[in-house]
Amino acid sequence: MNAKAVTKSGASALYRRFGTLLIANRGEIACRVIRTARAMGLRTVAVCSEADADALHVAMADDAVLLGPARARDSYLNIDRILEAAQKTGAEAIHPGYGFLSENADFARRCAEAGIVFVGPTAEMMEAMGSKSGSKALMEKAGVPLVPGYHGEAQDEKTLADAANKIGFPVLAKASAGGGGRGMRIVRSADELAAAIVSAKREALAAFGDDRMLIEKFVQNPRHIEVQIVGDSHGNLVSLFERECTLQRRHQKVIEEAPSPTLGPEQREAVCAAARKAAGAVNYVGAGTIEFVSDGKEVFFIEMNTRLQVEHPVTELITGVDLVEWQLRVAFGEKLPLAQDQIKLNGHAIEARVYAENPNKNFMPSVGRIRTWRTPDEVDGLRIDAGYGEGKTVSPNYDAMLAKLIAWAPTRDLAISRLNRGLEETDVRGIVTNIPFLSALITHPDVRANQIDTSFIERELAKLTPAEAALTELELGAAVAAILRSEEIAAGADARSPWRAASGWTAVGARQRSFVFRQADGERKVALHYGSGPSTLAIDGRELTFASSPSARGGLDVVLDGVKHHVSGLLDEHEVYVRTRNGRFEFHWVDPFGTEDEEQAGADRVVAPLPGTVVALLVEEGTSVEKGAAILTLEVMKMEQTLRAPFAGIVKELKCKVGDIVQEGVELAEIEPKA
């Protein structure tokens, strides 16, 4: 079939005007698509799993259809159920978002067969460019520069090993159908290759249903450059400048910016021209991204993503183009709104991905109910694309991304400062997030100076995840204010009443209240003295005047020793969270009316940190292991987590087998300490 053809029989038409759009996705991208579709006057249909029945994208859409159980294969990856949902709701078109079925050629083909417009490229285009190995062969023929590597069909161990030895280590073994860092391993020596391929194949098969691998030369100190392209069904194809996504962890992008601070004007035009040539090789229609890797001198093609990218907002902010609107207009069969020479570059934009994960525990995913969700206003160049809100639940079944914070400014330095301010004013509680890590990352001097490569985060991880800082008088004062305010709210107090004032005012006499706060390195004691006069806090032998009240800006105004400070303070049972000018702090308020269990359950056991699937057992019963030895591999939130021995000993019993679906806290292996 001609990729540009508009047929009138069989599949009706590849591109045509429609009024109802089904979004076959979830989270922030589903919310993002719904916003633009609604602005264009379209009726929207959401789909969801049982785990997402109360999700934000479901609430935003005009209609919603329950697909099935929480597992993606039973819901968001179930083509039959999605097409059935479209038919039930009268949806004439489907937007796949990114991830899930967005690059599934069979899904695009099934949509066409059902007479439903697929908002994206044709199945033939996906098949040509979606395979990393196939697209490289196509690019080689088109004259686009490639990273040296093996992209063949033979997948036996000897062929892959021979290819790696010929290319020379280090090499990158990665899934041909992959993306998002899944199914990808850096291999630095021949001894590591076999195990790396087995692990990468397993992860790729679980994520994409395809475990074919390719081997590439690993470019040392690389930078990741990508170009946004859009084509229409009338033969028009444009590029919308480039993005740089060099700051990555485990091959997953963390920070993205546009334009690249690495490229000059001539290099920019060269890489954009190469991207247009790459997309033109398949007469591409829709939005897509051509990805390149640079060694600082040359730029090599690595793959094409035949869909919208997570980081598309930075391109939108520097061009003024709504890429989702362009996707929908192309799907209508319209011509692109602008020609290449009409697309102008304006300023700089930078984006941070907010994840439910704990950077201080090897980025372990965090799940649960979001009890607090506070974000700043979208002003002064700040944009927030979110898929969650207060009261929503983060499930272990899907990707851990909660939202994206994006900032625009005339210059890169100012854009970074605006983004950092946005991160500092964002508070999410009930789960653990990577927000402090993101703030530390974008304010790192080397990031500011653009002295980075794709391994930067791994090298600087200790500096980016520092041990908790000691509490100062300001944090202790903020904690007291947060407790008092929480008690006011619980009592339903009138904030104007002097009888309930957070200053502790009382009609007669002087009173004292003691607070004990605990961090990992010990306890701090604070005494609140209040009565008919000014209240004070006694901290480490110092007496400081104290008052607090709700702030008109949100959060709290705390007056300490005559200086007013704007702070955020939250109390979650006995866990206290405060944000001050010194940063973010979390600590424990010792229960004044009871005893507390000091034990840390699970610290000396191999237990499931979250619900997941056992994908590999790495030792046998009776094996002698050292502390930190790999025991088994658990797949959590689509990523593999290796569980390790908490101490040296003998593996007494493995309490699970490959394929088991286990719940949080379940003991998976018993290790007997060495005598």
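A residue counts as buried when its relative accessible area is under 20%, and the legends below use the word in that sense for close-up views of a predicted model.

**View 1. Strand β28, covered on both of its faces.** Strand β28, which spans residues 535-539, is mostly covered, since five of its five residues are buried. In a regular strand the side chains alternate between the two faces of the sheet. In β28, S535, L537 and I539 lie on one side and T536 and A538 on the other, and all of these residues are buried.

**View 2. The pairing of β28 with strands β27 and β29.** Strand β27 (residues 522-531) runs antiparallel to β28 and is joined to β28 by four bridges, with V526 having I539 of β28 as its bridge partner. The hairpin that joins β27 to β28 passes through three residues. Strand β29 (residues 542-550) also pairs with β28 in the antiparallel sense, over five bridges, and here A538 stands opposite E543 of β29. Two residues lie between β28 and β29 in their hairpin, and in this turn D540 has a positive phi of about 50 degrees.

**View 3. The contact between helices α3 and α4.** The axes of helix α3 (residues 79-89) and helix α4 (residues 105-113) come within 11 Å of each other and cross at roughly 30 degrees. Because angles under 35 degrees count as roughly parallel, α3 is roughly parallel to α4, and the crossing of the two helices is right-handed. From α3, residues I79, D80, I82 and L83 meet D106, F107, R110 and C111 of α4; by class, this contact has five nonpolar, no polar and three charged residues.

Notes
Residues numbered from 1 in each chain as written. Predicted model: local features only at pLDDT ≥ 70, side-chain atom pairs only at ≥ 80, totals over all residues. Heavy atoms only, no water. Axes fitted to C-alpha atoms, helices over the stretch in contact; angles between N-to-C directions. Parallel < 35°, antiparallel > 145°, perpendicular 65-115°, else oblique. Left-handed = near helix turned anticlockwise from the far one by under 90°. Contact = heavy atoms within 4.5 Å. Nonpolar A, V, L, I, M, F, W, Y, C, P; charged D, E, K, R; others polar. Buried < 20%, exposed > 50% of the residue type's maximum accessible area, 1.4 Å probe, protein only. Pairing = 2+ DSSP bridges.
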